[in-house]
Structures are given as C-alpha cells and as structure tokens.
Amino acid sequence: LNEAIKLLEKEGLKNVFERHAVLAHATREAVKAMGLKLYAKESPSNSLTAIEAPEGIDGQAIYKDLREKYGITGAGGQDKAKGKIFRIAHLGYADVFDVITAVSGIEMALKGLGHPVKLGSGVAAAEEILMRK
C-alpha cells in the first residue's frame, strides 16, 4: 500500500485520472473499430471496458482464450451478463502497451473463435489515440 501511494504521489493524482481516461478512450475506440459494441451505452467507466460478445460467440470463451492462449487477464460477465460480455481493465498500474496488448489479444481471440475481425483494426485505432498522449 505504501509503495502504491508513493507511485500515485509521484505521478500526481490529476495525471493518474488523465492516464486512465486516455487508456479507456483508446480501448473504447479500438472496440468500435473492430465492429464490436460497448456494453455501457452511456457514461462508460474509465476503470474497465465491458464489451458485448459478437453474436454466436460466448463471452466466457473470449476471456478464457485471452487468458489461456495469450496470457491476458480479462473477465467475463456476471449474473444476467454472463456469456454475453467480456471485460478488459485499464485501471491502476496500466499504460499504453497494456491497452495495445489487450486489444491485439482480443482481435486474435475473436478471429480464432471464428469472428471476422480484421486484425490490426482495433490496434490501429488505439495507437492513434495513444500517440496523442
């Protein structure tokens, strides 16, 4: 906890909030560029992005592939959203290449599950935003 507080103080709270906002924005735009839909239609969180699983693909399978095939930790939906969404966090000790890696992994997992995503589409959208940072 003390080390985490030191990191927050060093970066500055305003900068931490801005970093999370940029990472969230880049992730959301990447999701849209892949042709996917955001689960939160209004006021999405800057802590994580919840993504609707494409029609015919189990959201649980997506996050399982992310973890098992690509070493990326995500989460599935809970309760009524189980199997319908998957989630990617970008809060805390996350930065530019955590988003790029997660987006790339999503593209690869979806393609591997039979979804016709164009590889690189989400990564390119995220990079455009993250380079402005």
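Helices here (H or I, at least four residues) are DSSP runs, numbered from the N terminus. With that in hand, α2 is followed by G35, whose phi is positive, near 85°. Keep in mind that this is a predicted model.

**Helix α2**
- Helix α2 covers residues 13-33.
- With 21 residues, α2 reaches 30 Å from first C-alpha to last, close to the 30 Å expected at 1.5 Å a residue.

**Helix α3**
- Helix α3 has twelve residues and reaches 16 Å between its first and last C-alpha, close to the 16 Å expected at 1.5 Å a residue.
- Its buried residues are G59, Q60, I62, D65 and L66.
- As for partners, the buried residues of α3 pack against β2 (75-76), β3 and α4.

**The nonpolar core**
- The largest nonpolar core has 30 residues, and L36, I106 and L130 are the ones with the most contacts inside it.
- At least two residues of this core come from each of α2, α3, β3 (85-89), α4 and α5.
- Helix α4 gives the most to this core, with eight residues.
- Leaving aside residues up to four places away in sequence, L130 touches V22, L23, A26, V96, V99 and I100.
- As background, nonpolar side chains in soluble globular proteins tend to be buried together.

**A nonpolar patch on the surface**
- On the surface, L8, L13 and F17 form a nonpolar patch, with about 310 Å² of accessible area together.
- F17 sits in helix α2.
- F17 counts as exposed because its relative accessible area is 55%, and the cut-off for exposed is over 50%.

**The loop around E55**
- Residue E55 lies in the loop between β1 (48-52) and α3 (59-70).
- With a relative accessible area of 82%, E55 is exposed.
- E55 and H115 are 60 residues apart in sequence, and their C-alpha atoms are 9.0 Å apart in space.

Notes: Residues are numbered from 1 along each chain as its sequence is written. This is a predicted model: local features need pLDDT of at least 70, side-chain atom pairs count only at pLDDT 80 or more; totals for chains, interfaces and linings use all residues. Side-chain values use heavy atoms; hydrogens and water are left out. Patches are made of residues with over 30% relative accessible area and no salt bridge: like charges are joined within 9 Å, nonpolar side chains (Val, Leu, Ile, Met, Phe, Trp, Tyr) within 5 Å. Accessible areas come from the Shrake-Rupley method with a 1.4 Å probe; for residues, only the protein chains shown count as cover. A salt bridge is a side-chain nitrogen of Lys or Arg within 4 Å of a carboxyl oxygen of Asp or Glu. Buried means under 20% relative accessible area, exposed over 50%, partly exposed in between (1.4 Å probe, protein chains only). The expected span of a helix is 1.5 Å times one less than its number of residues. A nonpolar core is a set of buried Ala, Val, Leu, Ile, Met, Phe, Trp, Tyr and Cys residues joined through side-chain atoms within 4.5 Å. Contact means heavy atoms within 4.5 Å.
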